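User: I should like to understand the grounds for the terms applied to this structure. Please set each value against its definition.

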Amino acid sequence: MATGIVATAAVSLPVGGAVLRPFATAVWLLAAGLLAILLARAARRWRTITAHAADPVMAHFYGAPPMALLTVGAGTLLLGAGLIGTRAAVVIAALLWTAGTVSGLVVAVAVPYLRITRHTGGEPFGGWLMPVVTPMVSAATGALLVPHAPAGQIRLTLLLACYAMFGLSLVAALIMITIIWQHHALRSAGPSRAVPTLWIVLGPIGQAVTAANLLGGVASAALPHPYAQAFEALGIVLGVPLWGFAMLWGGLALAVTLRTVRRGMPFALTWWSFTFPVGTCVTGTSALALRTGSIMFEAVAVLLYLALVAAWITVGWRTLRMVSSTVTG
C-alpha cells in the first residue's frame, strides 16, 4: 500500500501531476506486481498468518492487506486506463475495491473484538488504528468509482455507503487517537522500534480529508440539491480543521522521531509507517488545494510528496538489504 500511494499521490498533485504520470504508472505497476506476489505467498502460508490473530500486536496489521487492495485498485482506475483500456480498468478497480472493502469491514470489527475479548497485554500504539482506518480508504477510493456506477439506486447506494464508512472510520479513529495520545502523554514514546508507528495517526486524518473532498466532488452525481452542495462544502469545512490537526501531529511525530534517531533507532519494518500515512496527507492537501485554489496548500502538497518519495526510497532500500542479508545468511 505504501508503494501504491506513491503512484496515486503523484497524479493527485495540484501541480506537476502530468509530468509525473510516467513515473506514477511505473510505480503503480510495481505495486500491482508486489501485491500479486505477496497474495500468492500469503495463500501458501495461510495457517501462519491466521495465527497472528492471537497476537495483541500483530493482529492489528490485518488492516494492511485490504488497504493494499484498495490502493492498487485506485491506481488501476487513475493510471491503468491508458494501458488496459477504461472498461477493463473500471472492472478491475471495482473488483479490488469490493474485495478490499469487504475484508476491511471484517477486520474493522474482528480485530477490536479480539482486543476486547481475547487479547491480554500490549500497550496502545499507532498500529491500533490500522483496522479502523481501512473503511476510510474504501470511502476515498470508492469516490473514484461513483461516476462509473450505473445511475440511479446503484450509484446512490455506493455514495451513501462510502459516506457511512467515512463516518464509522473517522469516529473510531478519533477514539483510538485519544487513547494513544493519553498513553504516550502519561508514559513515554515507547521502544525505538515502535516510534515510527506514531506516524500512523496521520493515516485516518489525511485520508478523511481526501475522502471528504473526493466524495463531495461526486455527490451531485447521485444526490439532489441541497444535499450535494452541502456534502461538497463539507470537504472544506471539515477538511481544513482536520488538516490542521494532521500538521500538529506530524510536527509532534517528527520531533519524537528525531529525538529517537539521535539516541539510536535501528531499522525495523515499522519504518514503513513513514510512507502511507504521509501519502494520505499528500492526497488530502492536494484535494484542498484543488478545492480552494490555495497556493499554500499547493506548496505543502509538493513538499509532502517529496518527503514521501524520499521516505519510500529509503525504507524500500533498507528493506531490500534486510531481506537480502536474511536470504544469504
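This is a predicted model: local features need pLDDT of at least 70, side-chain atom pairs count only at pLDDT 80 or more; totals for chains, interfaces and linings use all residues.

Analyst: Residues are numbered from 1 along each chain as its sequence is written, and side-chain values use heavy atoms, with hydrogens and water left out.

User: How many helices and strands does the protein hold, and what counts as each?

Analyst: The protein has 12 helices and zero strands. Helices are DSSP runs of H or I with at least four residues, strands are runs of E with at least two, and both are numbered from the N terminus.

User: Why is Val-282 called buried, and why is Gln-182 called partly exposed?

Analyst: Buried means under 20% relative accessible area, exposed means over 50%, and partly exposed lies in between, with a 1.4 Å probe and protein chains only. Val-282, in helix α11, has a relative accessible area of 0% and is therefore buried. Gln-182, in helix α8 (residues 153–186), has 49% and is therefore partly exposed. Of the 329 residues in the protein, 48% are buried.

User: Which residues are in contact with Val-282, leaving aside its neighbours within four places in sequence?

Analyst: Contact means heavy atoms within 4.5 Å. By that criterion Val-282 is in contact with Ala-9, Leu-13, Ala-301, Leu-304, Tyr-305 and Leu-308. The C-alpha atoms of Val-282 and Tyr-305 are separated by 5.9 Å, although these residues are 23 apart along the chain.

User: What span should helix α2 have, and what is the distance between its end C-alpha atoms?

Analyst: The expected span is 1.5 Å times one less than the number of residues. Helix α2 (residues 21–44) has 24 residues and should span 34 Å; its end C-alpha atoms are 35 Å apart, so the two agree. The buried residues of α2 are Ala-24, Thr-25, Val-27, Trp-28, Ala-31 and Leu-35.

User: What makes a space a cavity or a pocket?

Analyst: On a 1 Å grid over the protein atoms alone, a cavity is a set of points where a 1.4 Å probe fits but cannot get out; a pocket is an open set with protein on both sides within 12 Å along at least five of seven lines, and lining residues have an atom within 4 Å of a point. The structure holds one cavity of 30 Å³ or more. The largest cavity has a volume of about 50 Å³, and α4 gives the most to its lining, with four residues. The second largest pocket holds about 490 Å³ of space. Among the residues closest to the centre of that pocket are Ser-12 and Leu-144.

User: Where is the cis peptide bond?

Analyst: The cis bond joins His-225 and Pro-226, with omega about 5 degrees. Pro-226 is found in the loop between α9 (202–218) and α10 (227–263). Most peptide bonds are trans.

Methods:
Grid points are joined across faces, edges and corners, and a volume is the space filled by probe spheres set on the points.
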